[in-house]
Amino acid sequence: MAPLNSLSKEYPLIDSNFQTFCASHAIYSVEDFLLHDLDALFASAANHSNSERLKQGIHQLLLIVDALHPPVLNGLQLIEDAKRNKHVFSTGCEGIDALLGGGLRVGQLTELVGPSSSGKTQVCLMSSSTVAKNKCSVIYLDTGNSFSPQRIAYFVGQSSDYVSVNQNILDRIICYPVFDVYQMFDLLHQLKINLRSQIVKSDHQVQVLIVDSISSLITPILRGNGPQGIVHICMQNFLDTL
């Protein structure tokens, strides 16, 4: 997000005095501001001789943040907005598409939960191949060594031998092995930087991020041994939430 010193021309309340006040709290950007305790910030401002102007500056930043977000919609409006504006990718399975209201919706997180060997990875592989066939790219985080190019080839429908499958489709599925949650966070951060810089292995836009599965990373930390696995599928603008 924007550094505070870039806002002063458009917003006079964000002047050098306000920036100095914010810097005393290690706030140098709108993002830093969002991460700070607002109550503590208002309380600190009250101790200054120009407290009213500082408080006005805080309110100004809040208005700037509000302007960055779309208006609040009720449930019916959200449904209509989704129908109008959200592109949907098929998972490759009509039954699952029906349960999801058409398939994997752009801008949304889809979570698949089920016991071991219930087919979660198969859905991920099938979804990857379906999206790749539509000339879009997929990032696949494989946490259990379960990614199978042979299965991708099978779902594409050309051959059970991955060597003979259309190379362009496989090139659009970018697989990263991940074996602990900290490595996943590091990788997601690097992907965010790379994708925003358009440094990506494919000429096609990345539309889907798959984590198969998140439970194998979280369970060791929680010291649990639950029978269910969890897969996350994030669509297109997942980077905004990282």
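I take contact to mean heavy atoms within 4.5 Å. With that cut-off I began my reading of this predicted model.

**Entry 1: H1 against H4**

I looked up which residues of H1 and H4 touch. Asn17, Phe18 and Phe21 in H1 meet Leu54, Gly57, Ile58 and Leu61 in H4. I noted that two packed helices are described by the angle between their axes and the distance between the axes. For H1 and helix H4 (residues 51-67), the angle is about 80° and the axes are 10 Å apart. Angles of 65 to 115 degrees count as roughly perpendicular, and H1 and H4 are therefore roughly perpendicular to each other.

**Entry 2: H3 against H4**

I then turned to helix H3 (residues 38-45), which packs with H4 at an angle of about 155°, the axes being 8 Å apart. An angle over 145 degrees counts as roughly antiparallel, which makes H3 roughly antiparallel to H4. On the H3 side I listed Leu38, Leu41, Phe42 and Ala45; they meet Ser51, Leu54, Lys55, Ile58, His59 and Leu62 in H4.

**Entry 3: backbone details**

I checked the backbone with a general point in mind: most residues other than glycine have a negative phi, and most peptide bonds are trans. Ala26 has a positive phi of about 60°, although it is not a glycine. I located Ala26 in the loop between H1 and helix H2 (30-35). The peptide bond from Asp212 to Ser213 is cis, with omega near -5°. Ser213 lies in the loop between strand E6 (206-212) and H11.

Which residues make the nonpolar surface patch? I found Tyr182, Phe185, Ile218, Ile221 and Leu222, which together make a patch of about 540 Å². The elements giving two or more residues to this patch are helix H10 (181-196) and helix H11 (215-222). H11 supplies the largest share, three residues. Phe185 is found in H10.

**Entry 4: confidence**

The mean pLDDT of the chain is 81, and 80% of its residues reach 70 or more. Over residues 238-242 pLDDT stays under 50, and for these residues the model has nine contacts beyond four places in sequence.

Notes
Residues numbered from 1 in each chain as written. Predicted model: local features only at pLDDT ≥ 70, side-chain atom pairs only at ≥ 80, totals over all residues. Heavy atoms only, no water. pLDDT = per-residue confidence, 0-100. Patch = residues over 30% accessible without salt bridge, like charges linked within 9 Å, V, L, I, M, F, W, Y side chains within 5 Å. Areas by Shrake-Rupley, 256 points an atom, 1.4 Å probe, with all protein chains shown as cover. Salt bridge = Lys/Arg side-chain N within 4 Å of Asp/Glu carboxyl O. Helix = DSSP H or I, 4+ residues; strand = E, 2+ residues; numbered from the N terminus. Axes fitted to C-alpha atoms, helices over the stretch in contact; angles between N-to-C directions. Parallel < 35°, antiparallel > 145°, perpendicular 65-115°, else oblique.
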